[in-house]
Amino acid sequence: MSIKSRQVAGVTSLVVVIVAVLSAFHLVALARLSLQESASRGDLLRQSIYQRARAVVPGAADPYAALREDGGIRALLESSIGYSRDVTYAAIVNRETVAVAHSDPAEEGRPVPDQEELTSILDRSALSLLRTVYSDRTFEMRQQLLFGDQEFGTIKIGISTILVKSELQKAFTVAAQGVLLSLLVSTMIAMLMAQWLLRPIHVIQSGLNRLGRGELDVRLELPAGAEFKDLGSSFDAVSAQLSESRAKALSSATDFESVVDNLEDAVALFSPDGKLIF
């Protein structure tokens, strides 16, 4: 793999990882905020029912019947479904968790099993929080009812995470589009940066090729910068040394040619006894 390819891959991967991590943090923060909003709505509805129950129960001969027949409590329970889309039910149960009054009258007289409280999941880790949201479970907001000093019932507000899950899926789609867009943009920018950063290498390669062809006093046109300045100075010094060495070699060759040119027209070789050999 070339240097340019490695550089493009490295920059692109870094950008994609950063965007993906930030998107994950955003999804977790959105899930936590959505659950907190659901808990706030449930708490407000619970407090409204509690305040009305406090006004109805004192002095009632049968507190359960009073709660079931009170028009204000009935209105609060039946309107709880439209109060918030994530509220699935609102009920007042007795000590055996049997519904005394319910947002769905058909459920009255039936057990309403306890669910995990919504506030208990708000402080969980990011992974556990997302797993809980995608579990499609129903959670509760509860408030105890007292008759004198004794507990005689509980207000239950059922809250589903389906709405939060839907919001997270929309946010995840937007985040995935952001990651894809960042991938495309970072790839283009990385290619341009690689082209710009690798230009000095191409300039040096061209200069070396010119030196190899025998050109003298080759100079590099490198970008401004301390690193490139030192590199250009080193290359210029090498080029000057090569030029000087080449000049000395040419001078020596010229001197040898002048000596040969000054030789006599004929050369004779004789043996020790004076006999002509060549």
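Tyr64 is partly exposed, with a relative accessible area of 23%, where buried denotes under 20% relative accessible area, exposed over 50% and partly exposed the range in between (1.4 Å probe, protein chains only). The model is predicted: local features require pLDDT of at least 70 and side-chain atom pairs pLDDT 80 or more, whereas totals for chains, interfaces and linings use all residues. Residues are numbered from 1 along each chain as its sequence is written, and side-chain values rest on heavy atoms, with hydrogens and water left out.

The structure contains one aromatic pair. The ring centres of Tyr64 and Phe152 are 5.7 Å apart and the planes meet at 50°, so the pair is tilted (rings of Phe, Tyr and Trp, the last by its six-membered ring, pair with centres within 6.5 Å; planes under 30 degrees apart are stacked, over 60 edge-to-face and the rest tilted). The two partners are 88 residues apart, Tyr64 in helix α2 (residues 63-69) and Phe152 in strand β4 (residues 150-160); helices (H or I, at least four residues) and strands (E, at least two) are DSSP runs numbered from the N terminus. Phe152 is buried, at a relative accessible area of 7%.

Strand β4 also holds Lys156, which is buried at 1% relative accessibility. Beyond its neighbours within four places in sequence, Lys156 is in contact (heavy atoms within 4.5 Å) with residues including Tyr89, Val93, Thr97, Val112, Asp114, Glu140 and Arg142. A polar atom of the Lys156 side chain lies 2.7 Å from the backbone oxygen of Val112.

Gly178, in helix α5 (residues 162-197), is partly exposed at 28% relative accessible area. Its C-alpha atom is separated by 8.6 Å from that of Ser23, 155 residues apart along the chain.

Terms used:
Polar contact = N/O pair within 3.5 Å; in protein donor to acceptor, adjacent residues only side chain to side chain.
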